[in-house]
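Thanks for coming. I will take a few minutes on one model, starting with its charged pairs and ending with the chain as a whole.

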Amino acid sequence: MNYKACIFDFDGTLVNSMPYWAEKMLRILRKTNTPIPDGLVKHIATLGDAGTAKYFRDELGVPMTIEDMYAMMDAYALPKYRDEIIFKEGVRAYLDHLCSKGVTICVLTASPHKMLDPCLTRLGVFDWFSHVWTTEDFGMTKAEPAIYQEAARRLGLDVSDCLFFDDNSGAVKTASVAGMPTVGVFDLTGEDYLDAMKAAATYYVDSFAHMPEELL
């Protein structure tokens with residue numbers, strides 16, 4: 001491992017949560033009989049709850065207040081994150097390996113702290129991370145190159161010294177534009193975008209249980 005820090009997305013990267021994450025958003029559209037655009041989940045995955053609710057209201061015309069959308073998201077998803085969602089294959093062992101090598105590990109996700117923190121705590125790894133960040137901590141989305149540059153600055157590192165892991169090809173591409181090396185991580189919800197992921201990422205892995213030598 002030639003990098004000083006590894007920054008991990010959460011949903012679909014560290015944990016098997018993308019079906020739940022997508023459902024908490026899509027049920028709003030179904031409830032309001034709003035047509036679901038092609039490629040919606042990929043598009044909103046970098047926006048977070050606030051950005052998604054705003055997109056639903058302003059671009060899709062969802063007839064709900066932002067607050068009511070938040071309430072509907074939370075009612076479905078909070079119990080899932082608190083009680084059910086688990087690591088993807090090989091994740092715990094890989095995080096433990098990085099810690100043993102002295103590599104700084106962080107989380108940077110669009111999911112809010114109210115879902116992220118209880119899940120990481122239940123899984124027993126919250127304290128393994130030097131920083132657990134959500135996009136709300138930066139006032140930016142993962143669709144903005146500046147968020148990756150700011151994360152590196154907060155770590156006191158150059159972007160080239162940080163390695164970013166994500167299952168979303170858009171986020172991987174944006175981090176790459178920011179100058180940060182990237183690892184594209186396979187998730188079933190992104191299967192249709194694998195070619196874009198492989199083209200954008202510095203490395204690509206289908207599982208944390210099968211990491212290439214250069215990432216160990």
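I will begin with a term: a salt bridge here is a side-chain nitrogen of Lys or Arg within 4 Å of a carboxyl oxygen of Asp or Glu. Side chains of opposite charge can pair when their charged atoms come close. Before the examples, the ground rules. What you see is a predicted model, in which local features need pLDDT of at least 70 and side-chain atom pairs count only at pLDDT 80 or more, while totals for chains, interfaces and linings use all residues. Residues are numbered from 1 along each chain as its sequence is written, and side-chain values use heavy atoms, with hydrogens and water left out.

The structure holds 12 salt bridges. One of them joins E150 to R154, with the closest N and O atoms 3.0 Å apart. These two sit four residues apart in helix 7, so about one helical turn separates them. Helices (H or I, at least four residues) and strands (E, at least two) are DSSP runs, numbered from the N terminus. Is E150 buried or exposed? E150 is buried, with a relative accessible area of 18%, whereas R154 is partly exposed at 35%. The cut-offs are under 20% relative accessible area for buried, over 50% for exposed, and partly exposed in between, using a 1.4 Å probe and protein chains only.

Now K142. For K142 and D9, the closest N and O atoms are 2.8 Å apart. That pair links distant parts of the chain, 133 residues apart: K142 is in the loop between strand 3 and helix 7 (145-154), and D9 is in the loop between strand 1 and helix 1 (18-31). K142 has a relative accessibility of 2% and so counts as buried; D9, at 4%, counts as buried too.

The K142 pair with D166 has its closest N and O atoms 2.7 Å apart. Here the separation is 24 residues, with D166 in strand 4 (residues 162-166). Both K142 and D166 are buried.

Six strands form an open sheet in the order 3-2-1-4-5-6, and the pairing is parallel. Two strands count as paired if DSSP finds at least two bridges between them. Strand 3 (131-134) and strand 6 (203-205) are at the edges with a single partner strand each, so one side of each has no neighbour in the sheet. From one strand to the next, the twist averages 20°. Strand 1 (residues 5-8) pairs with strand 2 (residues 104-109) over four bridges, and C6 has I105 as its bridge partner in strand 2.

Helix 6 (residues 113-122) lies across strand 2 and strand 3, at about 150° to strand 3. Axes are lines fitted to C-alpha atoms, for helices over the stretch in contact, and angles run from 0 to 180 degrees between N-to-C directions. Contact means heavy atoms within 4.5 Å.

Finally, the whole chain. The secondary structure comes to nine helices and six strands. Along its principal axes, the C-alpha trace spans about 50 × 35 × 30 Å. Of the 216 residues, 52% count as buried. Among contacts with a separation of 6 or more, 63% come from residues 24 or more positions apart.
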